[in-house]
Amino acid sequence: MEKKIIIITAPSGAGKTTIVKKLLAELPQLAFSISAATRAPRGNEVNGKDYYFLTLEEFHQKIDAHEFAEYEMVYAGKYYGTLKSELERIWNNNQVPMVDIDVKGALSIKEHYHQEALTIFIQPPSIDTLRERLSERGTETADSLDERLAKARYELSFSHEFDKIVVNDVLERAYEEVKDLVTDFLNIK
């Protein structure tokens, strides 16, 4: 079986997680690739389900052992990465990894897996819309909102490097567009 991989990225608040969850619910050929992270679990997040929560030391040991397909320091002192063993686990189960990661990580995986990877960038209609969506979550301070919007502007500058760009102005329409891209790439009828 060909080792294909689906990579979906977006600035925070663009609707990526919602789209990914719907795809996983509808397409049993896909499996969520669980990322490794050095941050502490939030709320009811579970190690090995939401993330592989690692200490900074454990993360650096895995970097030194070349165990990551990609990794980034996404925010100051907070590392995230995709373990090669996680991709292999999914492929060994005859499924396709669905990787939900930041822009730089997505481009790193694309560089590594080339034609086996489909990269999709979920773009918000505008920065103002993104500000509204992030504000409505009620999880951001003024500073963290500014930090996320600055990061979003930076991430948007890379959108042209992705295979496909989907603007999420209407969630259902954006979802259908992403689903069509994925099913075409995987030759699913």
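Me: At 41% relative accessibility, does Arg89 count as buried, exposed or partly exposed?
Reply: The model is predicted: local features need pLDDT of at least 70, side-chain atom pairs count only at pLDDT 80 or more, and totals for chains, interfaces and linings use all residues. Residues are numbered from 1 along each chain as its sequence is written; side-chain values use heavy atoms, without hydrogens and water. Buried means under 20% relative accessible area and exposed over 50%, with partly exposed in between (1.4 Å probe, protein chains only). At 41% relative accessibility, Arg89 therefore counts as partly exposed.

Me: Which residues does Arg89 touch, not counting those up to four places away in sequence?
Reply: Arg89 sits in helix H3 (residues 84–92); helices (H or I, at least four residues) and strands (E, at least two) are DSSP runs, numbered from the N terminus. Its C-alpha lies 14 Å from that of Tyr52, at a separation of 37 residues in sequence. With contact meaning heavy atoms within 4.5 Å, and residues up to four places away not counted, Arg89 touches Phe32, Ile34 and Tyr52.

Me: Which residue in S4 stands opposite Ala36?
Reply: Strand S3 (residues 36–37) and S4 run parallel and are joined by two bridges, and two strands pair if DSSP finds at least two bridges between them. Strand S4 (52–53) is an edge strand, pairing on one side only. The residue of S4 opposite Ala36 is Tyr52.

Me: In what order do the four strands of the open sheet lie?
Reply: The pairing in this sheet is mixed. The order is S4-S3-S6-S5.

Me: How many residues of strand S1 (residues 5–9) are buried?
Reply: In a regular strand the side chains alternate between the two faces of the sheet. In S1, Ile5, Ile7 and Thr9 on one side are buried, and so are Ile6 and Ile8 on the other. Both faces are covered, and the buried count is five of five.

Me: Which residue in S8 is the bridge partner of Ile7?
Reply: S1 has parallel neighbours: three bridges join S1 to strand S7 (residues 96–100), and five join S1 to strand S8 (residues 117–123). In S7, Ile6 has Met98 as its bridge partner. In S8, the partner of Ile7 is Thr119.

Me: How far apart in space are Ile8 and Ile101, C-alpha to C-alpha?
Reply: Ile8 belongs to strand S1 and has 0% relative accessibility, so it counts as buried. Not counting residues up to four places away in sequence, its contacts include Lys16, Met98, Ile120, Val178 and Ile101. Ile8 and Ile101 are 93 residues apart in sequence, but the C-alpha distance is 6.7 Å.

Me: Which residue just after H4 takes a positive phi?
Reply: Helix H4 (residues 103–113) has several buried residues, among them Val103, Ala106, Leu107, Ile109, Lys110 and Tyr113. The positive phi just after H4 is about 45°, and the residue is His114.

Me: What is the radius of gyration of the protein chain?
Reply: The chain has seven helices and nine strands. For 189 residues the globule rule (2.2 Å times the number of residues to the power 0.38, with the radius taken over C-alpha atoms) gives 16 Å. The chain is close to that value, so it is as compact as a globular protein of that length, with a radius of gyration of 16 Å.

Me: What share of the 189 residues counts as buried?
Reply: The C-alpha atoms fill a box of roughly 45 × 45 × 30 Å along the principal axes. Among contacts between residues at least 6 apart in sequence, 67% join residues at least 24 apart. The buried share of the 189 residues is 47%.
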